[in-house]
Amino acid sequence: MHSDSRTSRVLRVLAIVAFVALLLFGPLTENTLLDKLFALTLVLCVTLALLLASARPTFAMLLSALLFGTLEISGRLKFAYLATPLLAPDLEYFINGDTVDVIRRYPQLLAISLLVLVLLTVLPALAFVVDCPRLFAERSRYARAALRSFGTLATLAVAIACISPSGPFAGVFGKPMWLAITDKSYLTNFFTSFDDTVVTKPAITSDVDRKIGWSVQRKSPVLKRSPDVVAILEESTFDPRIMELCTLPVCRRPMFDPDQRTRANGLLTVHTFGGGTWTSEFALLTGLAHDLFGNAGLYAPYNLAPRVEFSLPRAFKAAGYRAIAIYPMSGEFLNARNAYRHYGFDAFYDGTDYGLDWESHDADLLAVFRRIYAEEKKSHGDQPLFVFMLTLHQHGPHMRALVELPAPYDKPLFPGSFKPQKLDDWLNLNLSNYLQRLQESDEMLTALEGQLWSADRPAVLLHFGDHQPSFDGAIHVIAKKVPKEVGPNSNKVTYYMLKSNFPLRTQFDYPVIDIAFLGSLLLETAGIPENAFYQANSLLRERCKGRYFDCPDKKLLMSYHDLVFNHLDDLRDE
């Protein structure tokens, strides 16, 4: 009895220390005041519910501290190793054999995982056994049961209301995903992300016109050999000349101007702004917009990539190509390695294996591309390649001090006296950084073109911007000039450039084109036979003149979605 009493006291002290530590290093470290209140309320509600249900204070505090502490530590560890926190989709997509294999390769992760497993099972069980029921001890047995049952249900009801998107903490829901994975509100973002796991398909009304034809047969270019095809996603890149003030020579770059090899170019509408590159990857590789699937679309690498039937890599592979992806960072970032496997790539080259990281320049990526390209040609002979890669250097922040930049970027390019718009020091700093990095992108693309055009086989090159940089939101104050076809949101406009070193029968001329159409445009240029999905995608592109969500003919768009999701079953059931 004495031993039990001493064990009980030790566990009580441990529970109090653990619970206080949880509050100090969990809810109270969340990013905003509302995030703090949300996480704190959840912790207190769960602790109170455990207390009322068990009548054991030590057990309640210890189990609550262990449960929420595990989530907090897991979020911090995942952020440290993979640059993204623990989110609800991880429960479905990361609790598998692959994750166990990853943990096994990291001794620190393995040790922590085993320790957490032991603590979560042994300590609460021990506390439950040695902690005597104390709550409402002076009441009768039936009164105790009634009070505890009512209190438990009431507390759980409050907790459920708190995690409802329309509840008292509605303000913590619906964060842009880039904010959700970077603001380090680990508990808040984990619990609010449950609302973003349900994939919904576009609603098809009963009056949909199923008489519209969606098949077409095209004549391919007459080529002796299939062309190598290279597609480059240029991070945070847009033609700066859409800004009214950007008339300086440094605003004009050959990468945006057509030449004799240009087959299509111009403005590109994308589905994200300031971040969310993975949604632009998804749009190019699948011909779908993540917006079609509700909030869950933001998690495309997790919950959409495994379910999409048609993809650009698969279309190329059906034509005899080898599809490879060159990723400029860790393949674990945002489930990229798994997502690219689901998209259908034959090989995924992790940037960290080739010395690439967040600080890598476009020239570094070109060197890696040349190395991998040569290795692929040596290993796979005459098989044509489809290569998709991403740049990274143009990613924000654009805050390197002007004095550290080379001329002419080492001073404000748009000073206070500049017309037609005056910019403050902050925007001058961001624009100088952006334009200096743009020069590096232009130089890299020029060098890449030289390599492709001088090769002994036909080649196609596509490069495009995934989204505009936000400059921490400051870009909104810069006046822009775009054609009316862009629509009201000029912040979701970037650029695209499509070239080949062989002529085409078809001429493409779109004032603006949606990123969801780039895949079919690339296949058509390369002379790749289009499957049923890409035939329909090409026809929608032509009929809507490059526009997607703002296609003037809404019945046409409805018919297209009906074909894609109800007849072609492009999004498989889970």
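Visitor: How do strand E6 and E7 pair, and over how many bridges?

Guide: Before anything else, this is a predicted model. E6, which covers residues 459–465, runs antiparallel to E7, and five bridges link the pair. Val460 stands opposite Ser500 in E7.

Visitor: And which sense does E7 take with strand E2?

Guide: Antiparallel again: E2 (residues 262–269) and E7 (residues 493–500) are paired over seven bridges. Thr262 sits opposite Lys499 in E7, and Asn265 is opposite Met497.

Visitor: Is E7 enclosed or open, and how many of its residues are buried?

Guide: Eight of its eight residues are buried, so E7 is largely enclosed by the rest of the structure.

Visitor: Which residues are on each side of E7?

Guide: Val493, Tyr495, Met497 and Lys499 are on one side, with Thr494, Tyr496, Leu498 and Ser500 on the other. Both faces are covered, and all of those residues are buried. As background, side chains in a regular strand alternate between the two faces of the sheet.

Visitor: Zooming out, what's the order of strands in the sheet?

Guide: The order is E4-E3-E5-E1-E6-E7-E2-E8, which makes an open sheet of eight strands with mixed pairing. E4 (347–350) and E8 (512–514) are the edge strands; each has a single partner, so one side of each has no neighbour in the sheet. From one strand to the next, the twist averages 20 degrees.

Visitor: OK, the whole chain now. How many helices and strands are there?

Guide: The protein chain has 18 helices and eight strands. Its C-alpha atoms fill a box of roughly 90 × 60 × 50 Å along the principal axes. Of its 574 residues, 53% are buried.

Visitor: Let's talk helices. How far does H15 reach from its first C-alpha to its last?

Guide: H15 spans residues 425–453, which is 29 residues, and reaches 42 Å. That is close to the 42 Å expected at 1.5 Å a residue.

Visitor: Speaking of phi, what's the value at Asn335?

Guide: Near 60 degrees, which is positive in a residue other than glycine. Asn335 is in the loop between strand E3 (322–327) and helix H13 (336–343). With a relative accessible area of 4%, Asn335 is buried.

Visitor: And Lys545, what's its phi?

Guide: Positive too, at about 55 degrees, and Lys545 is not a glycine either. Look for Lys545 in the loop between helix H17 (532–543) and helix H18 (554–567).

Visitor: Is Lys545 buried or exposed?

Guide: Exposed: its relative accessible area is 58%, and the cut-off for exposed is over 50%.

Visitor: Switching to the surface, which residues form the nonpolar patch that includes Ile16?

Guide: Ile16, Val20, Leu24, Phe25 and Leu28, which together have about 460 Å² of accessible area. Ile16 is in helix H1, residues 2–25. At 40% relative accessibility, Ile16 counts as partly exposed. A general point on spacing: an α-helix has 3.6 residues a turn, so residues three or four places apart point the same way.

Visitor: Last one. Where does Ser185 lie?

Guide: In the loop between helix H8 (177–180) and helix H9 (186–192). Ser185 counts as buried, with 0% relative accessibility.

Visitor: How far apart are Ser185 and Glu72 in sequence and in space?

Guide: They are 113 residues apart in sequence, and their C-alpha atoms are 9.2 Å apart in space.

Technical notes
Residues numbered from 1 in each chain as written. Predicted model: local features only at pLDDT ≥ 70, side-chain atom pairs only at ≥ 80, totals over all residues. Heavy atoms only, no water. Helix = DSSP H or I, 4+ residues; strand = E, 2+ residues; numbered from the N terminus. Expected span 1.5 Å × (residues − 1). Buried < 20%, exposed > 50% of the residue type's maximum accessible area, 1.4 Å probe, protein only. Patch = residues over 30% accessible without salt bridge, like charges linked within 9 Å, V, L, I, M, F, W, Y side chains within 5 Å. Areas by Shrake-Rupley, 256 points an atom, 1.4 Å probe, with all protein chains shown as cover. Salt bridge = Lys/Arg side-chain N within 4 Å of Asp/Glu carboxyl O. Pairing = 2+ DSSP bridges. Axes fitted to C-alpha atoms, helices over the stretch in contact; angles between N-to-C directions.
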